[in-house]
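Please look over the sequence and structure first.

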Amino acid sequence: MANYKMNDNDVVVIIGSGAGGGTLANELCQQGVGVVLLEAGKRQSTKSFVNNEWESFGQLAWLEPRTTSGSWRVAKDFSGLPAWICKTVGGSTVHWAGASLRLQEHEFHTKTEYGDIDGANLLDWPISLKDLEPYYARAEDKMGVTRTNDIPGLPGNNNFKVMYAGATKLGYKHCHTGRMAINSRPRDGRASCLQLGFCFQGCKTGAKWSTLYTEIPEAEATGKLDLRPESYVLQIQHDKSGKVNGVLYADANGEQHLQKARAVCVAGNSIETPRLLLNSASSMYADGMANSSGQVGQNYMRHMTGSVYATFDKPVSMWRGTTMAGIISDESVHDTKRGFAGGYEMETVSLGLPFMAAFLDPGAWGSKFTEAMDNYRNMAGMWLVGEDLPQESNAVTLHSEQKDQHGMPVPDVHFDDHPNDIAMREHAYQQGSAVYDAVGANKTYRVPPYPSTHNLGTCRMSKYAKDGVCNKYGQTHDIKNLFISDGSQFTTSAAENPTLTIVSLAIRQAEYIAKQLSSKAI
Amino acid sequence: MLENKLTRRDFIKSSGGAVIIGTLATSSVAISMLAPSNTWALELSKLDENTGKMILHVTRHIFPHKTLDDAVYALVVKDLDAAASADESVYKLLQNGITELNNSAGGDWMVLDTNKQFSLVEAMAGSDFFEKIRSTSIVSLYNNDMAWAHFGYEGPAWSKGGYINRGFQDLDWLPEPPDAASPLKA
């Protein structure tokens, strides 16, 4: 592992070690580029992960102060926790379920395909599926995605059996155990899945891909990576010409350091990334860094989400085995006959008893609630995840008064559901319930959105500088040695779980940065 | 290991301070397998015995699991007692809530019949007192080994080798999905 000096201005500094930052770090190191990887959280391991929901939440979740506003239900149920993402080496790849789906061609061109929709700030991506296909292929191989590269699908658990039987009765054609970055067989030095059922708590077998024990150790082995955990970034700095030249961060003791940099890549997830750009305002960049478009922090997307749980006469024991054990993708098409634009996926999900109590109906009490909990053993569940539309007013902004422990303004996350999101959620609730009713559910429960796990779009990529923050390589329009390297780049959200696309974009971006460095363009 | 942990953490036997004592219902088979004896005792550090007992019964009204043993509800009391010890404002909130409940009952809420008890608790829904008990319960009531045994949740799986050979596919009341949709395990 490398140990670069603070005044070494030849390194690329990457902020955040998750799907975007962790992958980018490895890809750059493999090409011989020196990288300082700053991560706010601690370094855990498969040994230190715990099979206990609340304890793990305390170990992994990003719990720095945040505020919420807007009419979304999360603001009422979890006012200080807009997102359920991680502060740990590996970022949210420690917590993610593993679903690895490619975006569909039409989802790259929603302004063209969907037309103008009132209140939506739609825009076509500056790239198409064709541009990304080679990188999707590399990402799937890197991550060991099932049903690609001759890797068999995972065996379905009880929760999947219920989904499959219901899907078949309803006439759905596309239901299987998914494309998952979870080893169905030993691969790449990692074991196969033991069906623990604690995917969200950090995979103790290491069967699920996470940058923590794949990309990051591979990068360390090159001798080019200087990983600094517990490094909380406060500001990006720039020189007189406007190029970025360093990153100010606080270490575990609160002491501040300035790491010089040749280029800076921001991958702090879609709340911290725009917050950092806004907190890096200067006399030259009065509205925040890379914000000439005014779009930094805007177009915040979180996917249309919701869950349906159902109770039956007989046991399901849904907590046994992979959390996201199967998928129905028939509804992921764009078909406006259903009354909304875009589509959604239906994916099994399960929660342990402690989190089921917390999330089933936040704030609830009384016999209706306890009756559902009494039937926990006989419960099956699915998560609904679909495209939500970008809106300028859905935004991450800096709180006018509240500051964090380092004196930096905390982010406020404002979100209102678009009518399209509401119509899609209603349809998804109906169809999800129908799947379970088809196999004899006693009761179905419409569960409101959890704090956001898919945070997207707050520094979106665009063809023209006036429409977004970065170009098709994630390079900011305003500052050529500043890059956006996480889901913030997404121009629109598409229906699919975003990690595979974030990883693919990172591989592609690494090639571009390496070329730019060697040609001295940056 | 589990039994020992429970003995220390959940079934404190002590002669000092206020104590709530209970006996496991004979129907609590799953829990009794974890418990060192059928009698349990909860020592309180801040709340008095009567307040502790009232909070336990209020919690039963807010989260009415008919067959869930008092020993599990006592864990909510235990956590509220700890919160009251650490923070005087929590202590006052709980004491004032209990006083208000007794006043609304015309003296002693505990002697009322179940329906009357419930309607007075329901009338306090949304109050700080009610919310403190509800929000504490939503974690304390469901995040312990006894509740897991009662509801059938199996808890940590790593130490037992996961479910790959322990029933992740044992559901037998629906048809088996075909191999194409759900391949056989490797």
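## A covered helix in chain A

In α8(A), the buried residues are Asn269(A), Ser270(A), Ile271(A), Glu272(A), Thr273(A), Pro274(A), Arg275(A), Leu276(A), Leu277(A), Leu278(A) and Asn279(A). Buried means under 20% relative accessible area, exposed means over 50%, and partly exposed lies in between, with a 1.4 Å probe and protein chains only. The helix covers residues 269-279 of chain A, and eleven of its eleven residues are buried. Helices here are DSSP runs of H or I with at least four residues; strands are runs of E with at least two; both are numbered from the N terminus.

What lies over α8(A)? The cover for its buried residues includes six strands of chain A: β1 (12-15), β6 (232-238), β9 (263-266), β14 (395-403), β15 (409-414) and β17 (482-484). Contact means heavy atoms within 4.5 Å.

## Basis of the model

The model is predicted: local features need pLDDT of at least 70, side-chain atom pairs count only at pLDDT 80 or more, and totals for chains, interfaces and linings use all residues. Residues are numbered from 1 along each chain as its sequence is written, chains are lettered from A and ligands numbered from 1 in the order in which they are written, and side-chain values use heavy atoms, with hydrogens and water left out.

## Nonpolar cores

The largest nonpolar core has 166 residues, and Tyr309(A), Tyr436(A) and Tyr142(B) touch the most other members. Helix α4 of chain B (residues 70-86) gives the most to this core, with nine residues. Another core lies apart from it, with 53 residues, including Val11(A), Val36(A), Val266(A) and Ile479(A). A nonpolar core is a set of buried Ala, Val, Leu, Ile, Met, Phe, Trp, Tyr and Cys residues joined through side-chain atoms within 4.5 Å. In soluble globular proteins, nonpolar side chains tend to be buried together.

## Loop residues of chain A

Val94(A) sits in the loop between α3 (73-77) and α4 (110-114) of chain A. Its relative accessible area is 2%, so Val94(A) is buried. Leaving out residues up to four places away in sequence, Val94(A) touches Phe49(A), Leu60(A), Thr88(A), Val89(A), Cys199(A), Gly202(A), Cys203(A), Lys208(A), Ser210(A) and Leu212(A). Cys199(A) is 105 residues from Val94(A) along the chain, yet their C-alpha atoms are separated by 8.4 Å. Gly189(A), in the loop between β4 (175-176) and α7 (215-221) of chain A, counts as exposed at 85% relative accessibility. The C-alpha atoms of Gly189(A) and Leu81(A), 108 residues apart along the chain, are separated by 36 Å.

Most residues other than glycine have a negative phi. Asp150(A) is not a glycine, but has a positive phi of about 60°. Asp150(A) lies in the loop between α5 (129-143) and α6 (158-170) of chain A. Is Asp150(A) buried or exposed? At 78% relative accessibility, Asp150(A) is exposed. Ser317(A), also not a glycine, has a positive phi of about 55°. Ser317(A) is in the loop between β10 (304-311) and β11 (327-328) of chain A. Ser317(A) is buried, at 8% relative accessible area.

## Chain A overall

Chain A has twelve helices and 17 strands. The C-alpha trace of chain A spans about 70 × 50 × 45 Å along its principal axes.

Of the 522 residues of chain A, 68% count as buried. Among its contacts between residues at least 6 apart in sequence, 75% join residues at least 24 apart.

## Chain B overall

Chain B has eight helices and two strands. Along the sequence the pattern is α-β-α-β-α-α-α-α-α-α. Why is chain B more spread out than a compact globule? Its radius of gyration is 20 Å, well over the 16 Å that the globule rule gives for 186 residues. The C-alpha trace of chain B spans about 65 × 35 × 35 Å along its principal axes.

Of the 186 residues of chain B, 45% count as buried. Among contacts in chain B between residues at least 6 apart in sequence, 66% join residues at least 24 apart.

Note on methods:
The radius of gyration is taken over C-alpha atoms; the globule rule is 2.2 Å times the number of residues to the power 0.38.
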